[in-house]
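The structure under discussion is shown below.

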Amino acid sequence: MIKLTQGNIVDFAGDAIVNAANKSLLGGGGVDGAIHRAAGPELLAECRTLGGCPTGQARLTRGYQLPARYVIHTVGPVWKGGNHGEKELLSSCYRESLQLADRQGLRSIAFPNISTGVYGFPKEPAARIAIQTVREFLEARPEMEVSFFCFDAENYAIYQSLLKEQPDPASKQ
Ligand code: AR6
């Protein structure tokens, strides 16, 4: 099941929230900063033990002071015009995060709009990739609940309109 919410992802009280992190996993601005502030310093301490994360992959930590039990840290691509593997890497962030959640037996997971802030990925193509990747994953794992947490009104409006479109089973990108 896919849900759409406008708001701050730190308020999500399910199994896991996904962090749009950078390769160091040592914090930053945007949603990353908000998650570290809300989780408290133990989150950074656990992140220091992980040794970073390559773009397109994901790592798991506990949630500490957050309502969510776990944080899945994924590293989105920096937008460089679209011909540097950005689309595949963004899709990989969603897929790897979902696979990690599934391996841990987590069922409810919330995503921010990865790469669409500081990393500059255009919002509508990013939303299409996110929705398509999640829909493909849910075909095999229909019991999982995936929430898209949109912080800005523009992303929220894009997701609202794209989620009304029926998935096209023939389009696998
Ligand atoms: N809850 C949900 N979404 C949020 C929140 C929040 N509290 N705050 C911002 N957003 P960004 P990126 C949205 O820049 O583009 C960090 O410094 C925001 O509106 O957080 O993947 C990292 O350390 C936007 O739509 O992440 C990296 O260095 C989306 O989150 C770098 O930014 C992503 O914006 C990653 O850049």
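## Largest pocket

In this predicted model, the largest pocket has a volume of about 540 Å³. The lining comprises 26 residues, of which Ala 20, Gly 30, Val 31, Asp 32 and Gly 117 are the closest to the centre of the pocket.

Two elements, strand S2 (16-21) and helix H1 (30-39), each supply at least two residues of this lining. Helix H1 provides the largest share, with four residues. Divided by class, the lining holds eleven nonpolar, twelve polar and three charged residues.

## Helices H1 and H2

Two packed helices are described by the angle between their axes and the distance between the axes. Helix H1, which also contributes to the lining of the largest pocket, has an axis that comes within 5 Å of the axis of helix H2 (residues 41-48). The two axes cross at roughly 115°. Because angles of 65 to 115 degrees count as roughly perpendicular, H1 and H2 are assigned to that class.

On the H1 side the contact involves Ile 35, His 36 and Ala 39, which meet Leu 43, Leu 44 and Cys 47 of H2. Five residues of this contact are nonpolar and one is polar, while no charged residue takes part.

## Helices H3 and H4

Helix H3 (residues 86-103) packs against H4 at an angle of about 35°, and the axes of the pair are 9 Å apart. The crossing of H3 and H4 is right-handed.

From H3, the residues Lys 87, Leu 90, Ser 91, Tyr 94, Arg 95, Leu 98, Gln 99 and Asp 102 meet Ala 126, Ile 129, Ala 130, Thr 133, Val 134 and Phe 137 of H4. The composition of this contact is eight nonpolar, three polar and three charged residues.

## Helices H4 and H5

Helix H4 (residues 123-140) also packs with helix H5 (residues 153-164): their axes come within 10 Å and cross at roughly 50°. H4 and H5 are therefore oblique to each other, and their crossing is right-handed.

H4 contributes Lys 123, Glu 124, Ala 126, Ala 127, Arg 128, Ala 130, Ile 131 and Arg 135 to the contact, and H5 contributes Glu 154, Asn 155, Ile 158, Tyr 159, Leu 162 and Leu 163. These residues comprise eight nonpolar, one polar and five charged.

Methods:
Residues are numbered from 1 along each chain as its sequence is written. This is a predicted model: local features need pLDDT of at least 70, side-chain atom pairs count only at pLDDT 80 or more; totals for chains, interfaces and linings use all residues. Side-chain values use heavy atoms; hydrogens and water are left out. Axes are lines fitted to C-alpha atoms, for helices over the stretch in contact, and angles run from 0 to 180 degrees between N-to-C directions. Angles under 35 degrees count as roughly parallel, over 145 as roughly antiparallel, 65 to 115 as roughly perpendicular and the rest as oblique. A crossing is left-handed if the near helix is turned anticlockwise from the far one by less than a right angle, and right-handed if clockwise. Contact means heavy atoms within 4.5 Å. Ala, Val, Leu, Ile, Met, Phe, Trp, Tyr, Cys and Pro count as nonpolar, Asp, Glu, Lys and Arg as charged, and the others, Gly among them, as polar. On a 1 Å grid over the protein atoms alone, a cavity is a set of points where a 1.4 Å probe fits but cannot get out, and a pocket is an open set with protein on both sides within 12 Å along at least five of seven lines; lining residues have an atom within 4 Å of a point. Grid points are joined across faces, edges and corners, and a volume is the space filled by probe spheres set on the points.
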